[in-house]
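Subject: Structure handover

Hello,

Here is the structure I promised to pass on. Please open it first, then read my notes below.

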Amino acid sequence: RPASELEALQLALHHFKVAALDDVTASGLQGLTPADLVTMVDHGMTSEFVRGFRGVALVPKTMASLATLRDHGITADYVQAFGSTGYPPVSVDELSSLRDHGVKASLVRAIAHSSYRGVRPAEIAAFADHGVSGEYITDLDRIGYHPVAADVVRLRDRGVPVSFIQRLREHGYGSMSVSDIIKLFEHGI
C-alpha cells in the first residue's frame, strides 16, 4: 500500500532514501509496508543493519523482530553464533533474553563444541548469570567431567576451580557427587 501522509512525513524526517528500500527488500523480509519502514527508522536501524540479517536463520524474521533485536543490542553476528554452532533457529524472545542475561557469543561457541551443546537457552542464560565462562566449560570437557548444567552452576557459584576437580580425579575420586566436591573444596581439602 502507499504510505500515509504521516508515514511519508516520518520517513522524510528521518531522511529515508529509496536506495535504503532496495537494501531492505534484498534482506529477505517479506510483505514490507510503509509502517515497517517507519519502525526501521524509529528504532535506529540502518539498511546495513537490516541487510546483515540476510541469510540468518531467525524466527520470526520481520521488521518488528529486527527492531526488538536492535533494541536489545543484538547484531547479525550474535545470531549467527547460534546458527554456526548447530543450534536451530532461536526465537527473537530467546535471543533477547540471552542478551539481557549477558550471554556472549564466545560462551555459545564454547558450549557448542562441548558436551553441553544440547543445553537449552534458559540453561545458557543461567551459565552467564552465574559466571560460567566458555573457558570453564572447555576445561570441564578437557578433564572428562560432565555434570548436568545445574551442577556446573553450583560448582561455579561455590568457586570450585576445574583444577581442584582434576586433582580429585587424578587421586581416584572421580565418581564423587558434586555436593561432596563442593564440601571438600569449602573445607580446604
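Which exposed residues does the face of α10 turned away from its buried side carry? They are Glu135 and Arg142.

Some ground rules. This is a predicted model, where local features need pLDDT of at least 70, side-chain atom pairs count only at pLDDT 80 or more, and totals for chains, interfaces and linings use all residues. Residues are numbered from 1 along each chain as its sequence is written, and side-chain values use heavy atoms, with hydrogens and water left out.

Helix α10

Helix α10 spans residues 134–142. Helices here are DSSP runs (H or I, at least four residues), numbered from the N terminus. Gly134, Tyr136, Ile137 and Leu140 are buried in α10. Buried means under 20% relative accessible area, exposed over 50%, and partly exposed in between (1.4 Å probe, protein chains only). The buried residues of α10 pack against α8 (105–112), α9 (121–129), α11 (149–157) and α12. Contact means heavy atoms within 4.5 Å. Glycine 144 follows α10 and has a positive phi, near 75°.

Rings and charges

The charged end of arginine 156 sits over the ring of tyrosine 136, 5.6 Å from its centre. Arginine 70 does likewise over phenylalanine 49, with its charged end 6.0 Å from the ring centre. The test is NZ of Lys or CZ of Arg within 6 Å of the ring centre and within 35 degrees of the ring normal.

The whole structure holds 3 aromatic pairs. One of them joins phenylalanine 164 and phenylalanine 185, edge-to-face, at 5.2 Å centre to centre and 70° between the planes. Phenylalanine 164 is in helix α12 (residues 162–170) and phenylalanine 185 in helix α13 (residues 178–186), so the pair ties together parts 21 residues apart in sequence. Rings of Phe, Tyr and Trp (its six-membered ring) pair if their centres lie within 6.5 Å; planes under 30 degrees apart count as stacked, over 60 as edge-to-face and the rest as tilted. Phenylalanine 164 is buried at 5% relative accessibility. Phenylalanine 185 is partly exposed, at 26%.

Two single residues

Serine 65 lies in helix α5 (residues 63–71). Serine 65 is buried, at 4% relative accessible area.

Histidine 15 is in the loop between α1 (5–13) and α2 (18–26). Histidine 15 is exposed, at 60% relative accessibility. Its phi is positive, about 55°, although histidine 15 is not a glycine.

Best wishes

Technical notes
Helices (H or I, at least four residues) and strands (E, at least two) are DSSP runs, numbered from the N terminus.
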